[in-house]
Amino acid sequence: NVAFSKNGKILAINVPQEEKISLWDPTTNKQISEFPIGDKYTSGLAISNDGERIAVKTNDSYKIWNLDSKQVESTLRSFDINGNILFSPNDDMLASYGTFAESLKVWNIKSEKEVTFNQGKRPDWVPTWNAFFQLTTADGKGIKVNQENSQLVFRNAENFEVIATLNILDGTDWIVTNPSGLFDGTPAAMK
């Protein structure tokens with residue numbers, strides 16, 4: 001599992017077998033720090049919008065770690081199988097979600113209590129698609145990448161509009177398109 005900070009200055013890598021999180025500076029390719037998480041059964045990772053905390057999905061909970069103190073600030077108990085986690089825009093809530101609305105769980109981080117929503121509803125900051133990972137461009141803009149059927153779809157992280165779609169045709173051929181009709185690909189894919 002990997003996660004980028006919103007400003008692109010921290011790359012967090014979860015190494016489950018070693019039960020630790022490694023923090024890297026992607027601009028220098030140097031490790032900033034690492035800390036033990038004490039659980040090898042992890043499936044999700046997210047960095048808060050302010051870059052001060054990280055959420056880790058473990059076997060039976062979501063743990064919110066303070067990146068400076070490397071201490072757990074909150075433990076949100078849950079046995080769900082969602083691997084996608086996301087902080088709310090003001091970092092006061094954490095969502096875990098999958099493709100279906102029924103899989104959504106949202107917690108108030110401070111109270112460690114689950115927040116309920118009407119059946120099938122999601123907060124507007126939680127995408128309705130299964131987020132695969134997030135990238136940050138050189139100018140600090142976020143791009144979410146997810147798999148939809150046999151395609152990788154690149155979306156603007158702020159408004160979820162499609163930027164481009166990558167189709168893998170076989171082991172070596174691919175084609176990418178964007179909503180305005182521009183495209184590129186390997187020579188064989190262009191035939």
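User: Leaving aside neighbours within four places in sequence, which residues is Ser61 in contact with?
Analyst: This is a predicted model. In it, Ser61 is in contact with Val56, Thr75, Leu76, Arg77 and Ser78, once neighbours within four places are left aside.

User: Where does Ser61 lie, and is it buried or exposed?
Analyst: Ser61 lies in strand β7, residues 61–66. Ser61 is buried, because its relative accessible area is 0%, and the cut-off for buried is under 20%.

User: Which side chain has a polar contact with the side chain of Ser61?
Analyst: That of Asp60. The polar contact joining the two side chains is 3.5 Å.

User: And what salt bridge does Asp60 form?
Analyst: The side chain of Asp60 meets that of Arg77, at 3.6 Å from N to O. The pair links distant parts of the chain. Asp60 is in the loop between β6 and β7, Arg77 is in strand β8, and they are 17 residues apart.

User: Are Asp60 and Arg77 buried, partly exposed or exposed?
Analyst: Asp60 counts as partly exposed, at 26% relative accessibility. Arg77 is exposed, with a relative accessible area of 57%.

User: How many salt bridges does the structure hold?
Analyst: Three. Another is Glu34 with Lys20, where the closest N and O atoms are 3.1 Å apart. Glu34 sits in strand β4 and Lys20 in strand β3, 14 residues apart.

User: Why does Lys20 count as buried?
Analyst: Lys20 has a relative accessible area of 17%, and buried means under 20%. Glu34 is partly exposed, at 39% relative accessibility.

User: What about the salt bridge of Glu73?
Analyst: Glu73 pairs with Arg53, 3.8 Å from N to O. Glu73 is in strand β8 (residues 72–77) and Arg53 is in strand β6, 20 residues apart. Glu73 is partly exposed, with a relative accessible area of 39%. Arg53 counts as buried, at 13%.

User: Switching topic. How many helices and strands are in the chain?
Analyst: Zero helices and 18 strands.

User: How do β3 and β4 pair?
Analyst: In the antiparallel sense, over six bridges. β3 and β4 form a hairpin with four residues between them. Asn29 in the turn has a positive phi of about 60 degrees.

User: What does β3 do with β2?
Analyst: Strand β2 (residues 11–15) and β3 also pair in the antiparallel sense, over five bridges.

User: Which residues face Leu23 across those pairings?
Analyst: Ala12 stands opposite Leu23 in β3. In β4, the bridge partner of Leu23 is Ser33.

User: On to the largest nonpolar core. Which of its residues touch the most other members?
Analyst: Ala12, Ile21, Leu23, Phe35, Leu45 and Ile54, out of 13 residues in that core. The elements giving two or more residues to this core are β3 (20–25), β5 (44–47) and β6 (53–57).

User: Whole chain now. What share of residues is buried?
Analyst: Buried residues make up 44% of the 191 residues. The accessible surface comes to about 10900 Å², and 51% of that belongs to carbon and sulfur atoms.

User: What share of contacts joins residues at least 24 apart?
Analyst: 28%, among contacts between residues at least 6 apart in sequence.

Methods. Residues are numbered from 1 along each chain as its sequence is written. This is a predicted model: local features need pLDDT of at least 70, side-chain atom pairs count only at pLDDT 80 or more; totals for chains, interfaces and linings use all residues. Side-chain values use heavy atoms; hydrogens and water are left out. Buried means under 20% relative accessible area, exposed over 50%, partly exposed in between (1.4 Å probe, protein chains only). Contact means heavy atoms within 4.5 Å. Accessible areas come from the Shrake-Rupley method with a 1.4 Å probe; for residues, only the protein chains shown count as cover. A nonpolar core is a set of buried Ala, Val, Leu, Ile, Met, Phe, Trp, Tyr and Cys residues joined through side-chain atoms within 4.5 Å. A polar contact is a pair of N or O atoms within 3.5 Å; within protein, one must be able to donate a hydrogen and the other to accept it, and residues adjacent in sequence count only if both atoms are side-chain atoms. Two strands pair if DSSP finds at least two bridges between them. A salt bridge is a side-chain nitrogen of Lys or Arg within 4 Å of a carboxyl oxygen of Asp or Glu.
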